[in-house]
Amino acid sequence: MIQFHNVSMSYQRDMAALNDVTLKVPKGDFVFVTGPSGAGKSTLLKLVYAALSPSKGQVIVDGQNVTRMTRSQIPLLRRSVGVVFQDFKLLPNRTVLENVAITLEVLGWGKRDIGKKVHHILRLMGMEHKINATPLRLSGGEQQRVALARALVNDPKILLADEPTGNLDDENKEQILAIFREANIRGTTVMVATHDRRVIENSHKRVIILDKGRLVEDNDVPKQEL
Ligand SMILES: Nc1ncnc2c1ncn2[C@@H]1O[C@H](COP(=O)(O)OP(=O)(O)OP(=O)(O)O)[C@@H](O)[C@H]1O
């Protein structure tokens with residue numbers, strides 16, 4: 001589903017944010033990406049949804065070589081990828097309902113189907129009672145659940161989340177992780193970048209560790225094969 005072949009990425013010359021990374025994430029997998037600040041976690045996720053292109057190597061997502069994609073092909077790739085950012089990126093002047101509906105509007109869904117689907121996902125997230133609120137009136141955990149609803153409303157093949165539990169308390173963290181697990185059970189491949197050791201340890205999932213742009217550990221792959 002997601003493959004990196006000897007991928008390097010430099011924002012500036014001679015400063016590799018990612019350095020010769022090779023990995024495979026099969027369809028339906030659930031993977032944590034961790035490592036110290038600046039290790040390259042966000043860069044790795046951005047390469048998967050083509051927000052960046054590699055300086056070297058190949059990135060293959062759902063059978064398509066992202067490296068060779070033209071600008072017009074990228075929106076098509078993103079239809080199958082849900083993304084949750086560290087700072088949520090919700091539209092401040094739109095309601096919860098509108099923030100989530102956007103995903104389906106850009107896919108050309110009809111109004112009635114959008115309404116049904118958005119209500120359904122917000123109910124799953126425990127956010128139906130806040131459907132007409134704007135993001136600034138929500139707590140951090142609630143904003144995070146709306147961001148997740150927006151990312152998951154079209155049942156994407158892949159979910160990418162960058163520090164999704166950043167400022168949340170334990171109860172909210174657990175809720176967010178439960179939502180990831182459910183999406184994963186429904187068939188979505190999940191990649192989560194996080195610093196949070198407790199989240200990783202409690203989840204018993206595959207863990208990829210980056211350090212200074214290099215993949216230094218993958219508990220799915222014997223060390224000598226890295
Ligand atoms: N837009 C940018 N321009 C220049 N350098 C950048 C840019 N974004 C990231 N970098 C550099 O690339 C390296 C990897 O950054 P990245 O954000 O991928 O790390 P990270 O592991 O996600 O860090 P954090 O845990 O702090 O979010 C860092 O050295 C960072 O300074």
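This briefing describes the strands, the helices and the ligand shell of the structure above.

The structure is a predicted model, in which local features need pLDDT of at least 70 and side-chain atom pairs count only at pLDDT 80 or more, whereas totals for chains, interfaces and linings use all residues. Residues are numbered from 1 along each chain as its sequence is written. Helices (H or I, at least four residues) and strands (E, at least two) are DSSP runs, numbered from the N terminus.

**Open sheet**

- An open sheet of 6 strands has the order β6-β7-β8-β3-β9-β10 with mixed pairing, where two strands pair if DSSP finds at least two bridges between them.
- At the edges stand β6 (81-84) and β10 (214-218), each of which pairs on one side only.
- From one strand to the next, the twist averages 20 degrees, with angles running from 0 to 180 degrees between N-to-C directions and axes being lines fitted to C-alpha atoms, for helices over the stretch in contact.
- Within this sheet, β3 (residues 30-34) and β8 (residues 189-193) run parallel and are joined by 4 bridges; V33 has A193 in β8 as its bridge partner.
- Helix α1 packs on the sheet, where it touches β3, β6, β7 (158-162), β8 and β9 (206-211), and its direction makes about 150 degrees with that of β8.
- Helix α5 (residues 140-152) also packs on the sheet, touching β6 and β7, with a direction that makes about 170 degrees with that of β6.

**Pairings of β1**

- Strand β1 runs antiparallel to β2 (residues 15-25), to which 7 bridges join it, and S10 stands opposite A16 in β2.
- These two strands, β1 and β2, form a hairpin with 2 residues between them, and D14 in the turn has a positive phi of about 65 degrees.
- Strand β1 also pairs with β4 (residues 56-61) in the antiparallel sense over 5 bridges, and V59 in β4 is the bridge partner of F4.

**Helix contacts**

- The axes of α3 (residues 96-106) and α4 (residues 111-124) come within 10 Å and cross at roughly 125 degrees.
- Helices α3 and α4 are therefore oblique to each other, in a scheme where angles under 35 degrees count as roughly parallel, over 145 as roughly antiparallel, 65 to 115 as roughly perpendicular and the rest as oblique.
- The contact is made by V96, L97, V100, A101, L104 and E105 of α3 together with I114, K117, V118, I121 and L122 of α4, two residues being in contact if their C-beta atoms, placed from the backbone, lie within 7 Å.
- By class, the residues of this α3 and α4 contact comprise 9 nonpolar, no polar and 2 charged; Ala, Val, Leu, Ile, Met, Phe, Trp, Tyr, Cys and Pro count as nonpolar, Asp, Glu, Lys and Arg as charged, and the others, Gly among them, as polar.
- The axes of α5 and α6 (residues 170-185) come within 10 Å and cross at roughly 10 degrees, and the two helices are therefore roughly parallel to each other.
- In this contact, G141, Q144, L148 and L152 of α5 meet N172, I176, I179 and A183 of α6, giving 5 nonpolar, 3 polar and no charged residues.

**Ligand shell**

- Around the ligand lie Y11, Q12, A17, G35, S37, G38, A39, G40, K41, S42, T43 and H195, a residue being near a molecule or strand if its C-beta atom, placed from the backbone, lies within 6 Å of it.
- Both β1 (2-12) and α1 (41-48) supply at least two residues of this shell, and the largest share, 3 residues, comes from α1.
- The shell residues divide into 3 nonpolar, 8 polar and 1 charged.
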